[in-house]
Amino acid sequence: MVSSASSSVGAASSVTIRGASSLRGDNQPLYVIDNVPQASTGEFGQSAISGDFQIAQDPLSSLNPADIEDITVLKDASSTAIYGSRGANGVILITTKKGKEGKAKINVAATFTITNATRLLDLVNLDEYAEYQNSRITDGYYQFYKVGDEMRYVYNDALKNYDPNNPETYKRVYYTNWQKEIYKSAFSQNYSVSLNGGGSNTTYYISANFKDINGTVKQTGLKQGDLRANLSSQVSKAVKLDLSLSGSLRQNDMMAGGNTLGGPTGAISRTALDYAPFEKPDDDPSLTNENKTNVFSWLNDYVDKTDDKTFKGSLNLNWKISKFLSYSLRAGGNININDRKRWYGMELYQGMNNEGYLVQSNINKSNFTVENILNYNTKLGKIGTLDATAGVTYDDYSFLNKNATGNHFTIFGFRENGMHLAGNPKYYTPLQKRLSIAFLFGPFQREFLGEVPDYCFHSC
């Protein structure tokens, strides 16, 4: 089952293969790209903000769909036979394209999309809001007066001194549909180019991709560039080598905000639903730090940017030692650096309470794996066959999460880049995790007269 918990640009989809119960803490499958395991979509950094909503990032975002050759889904015993407890939620194997023998071929592709927000909520307009507010008044001092097409808003001392002929006793206000102020038609573009070819012994596949995806919420979007190089070489009659290298640079603007605490100041979409259908005057005494935050506050004074750098490499060496015996060496790794900065300026509730509020989060994670596999396959005369596999796998995972906050600013122009200007910077204790796994595996199969019993052992 594939579902999406967030419509934010760059957010991960949730893939469930083996149900909703899990031994690993999340229900996401293990992704293996060119024999290298990837982090699941359930993994993200801890934030320094209470109630902060963390959007799980897509582990496949650095993989261009045009580079995919094959996708295989493993479940049940087939996934745990090689990957152990890591494959408890299933395994998705992804193989990227390899070069083909022949003259160099160039493929160029471009796609363009336009996205619009649909099914906006039907909220009260200004006339309906004014009628409702006036219906709650019992002393006869109304806040709203409709004169022709003009809506007059009365507050403060003018409540008792309203004079329809004196403009100084009222303010003209205008209907604002806040949902239409935050949503827009989003134009996105994606360009990719690939080159492949080679001789009888060596082939290559090189590709590059750039995408500029705009979100339907104003000032949200993603820009990303990817580069990949796959090399295959028949070193000798018995030895074949496959090498894959890829890198990705991404900048994600998640200006929409969001938290788990609720309330109109948590996200721009929530503010659009809760705020009165007009912009209140600055001297309105009903304004507090909380209800001063409107949609324009988010658009003008909030920043949420993430810079992501990824490098991946894998090597696959196959050696046919004899007619019956073969050896495979699979090695690879991933390095990912993720920097997220969020700025709450003085137009936002969090910024007003803290005299500017800056939050920084840095995630540095890596993993590498080495597999050594021996396979023996022979016929036992006319009575059957024997197929045995033995292997040793070593995996190493490293995760480091650093957080910092700053407030009490006197200079606000540097916004998300102004931690050095914070009057009260705080650097929190880093969260660090390290995991190393080594295990043996040895499934084998023998067939006698059509009967095929299977055997498998694991040792960690």
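The following legends describe close-up views of a predicted model. Local features require pLDDT of at least 70 and side-chain atom pairs pLDDT 80 or more, whereas totals for chains, interfaces and linings use all residues. Residues are numbered from 1 along each chain as its sequence is written, and side-chain values use heavy atoms, with hydrogens and water left out.

**View 1. Trp 178 pairs with the rings of Tyr 275 and Phe 296.** Rings of Phe, Tyr and Trp (its six-membered ring) pair if their centres lie within 6.5 Å; planes under 30 degrees apart count as stacked, over 60 as edge-to-face and the rest as tilted. The count by this rule is 20 aromatic pairs. With ring centres 5.6 Å apart and planes at 90°, Trp 178 and Tyr 275 form an edge-to-face pair. This pair links distant parts of the chain, 97 residues apart: Trp 178 lies in helix α3 (residues 178-182) and Tyr 275 in the loop between α4 (268-274) and α5 (295-301). Helices (H or I, at least four residues) and strands (E, at least two) are DSSP runs, numbered from the N terminus. The rings of Trp 178 and Phe 296 have centres 5.2 Å apart and planes at 70°, so this pair is also edge-to-face. Phe 296 belongs to helix α5, 118 residues from Trp 178. Buried means under 20% relative accessible area, exposed over 50%, and partly exposed in between (1.4 Å probe, protein chains only). Trp 178 counts as buried because its relative accessibility is 3%, while Phe 296, at 26%, counts as partly exposed.

**View 2. Helix α2 (residues 126-135) has buried residues on one side.** These buried residues are Leu 126, Tyr 129, Ala 130, Gln 133 and Asn 134. They cover an arc of only 130° around the axis (taken from the directions from the helix axis to the C-beta atoms), and therefore lie on the same side of α2. Glu 131 and Ser 135, on the other side of α2, are exposed. Tyr 129 also belongs to an aromatic cluster with Phe 144, Tyr 153, Tyr 155 and Phe 278.

**View 3. Four strands form an open sheet with mixed pairing.** The strand order is β4-β3-β6-β5; two strands pair if DSSP finds at least two bridges between them. The edge strands, β4 (36-38) and β5 (68-74), each pair on one side only. Strands β3 (residues 30-33) and β6 (residues 91-96) run parallel and are joined by four bridges. Val 32 has Leu 93 in β6 as its bridge partner.
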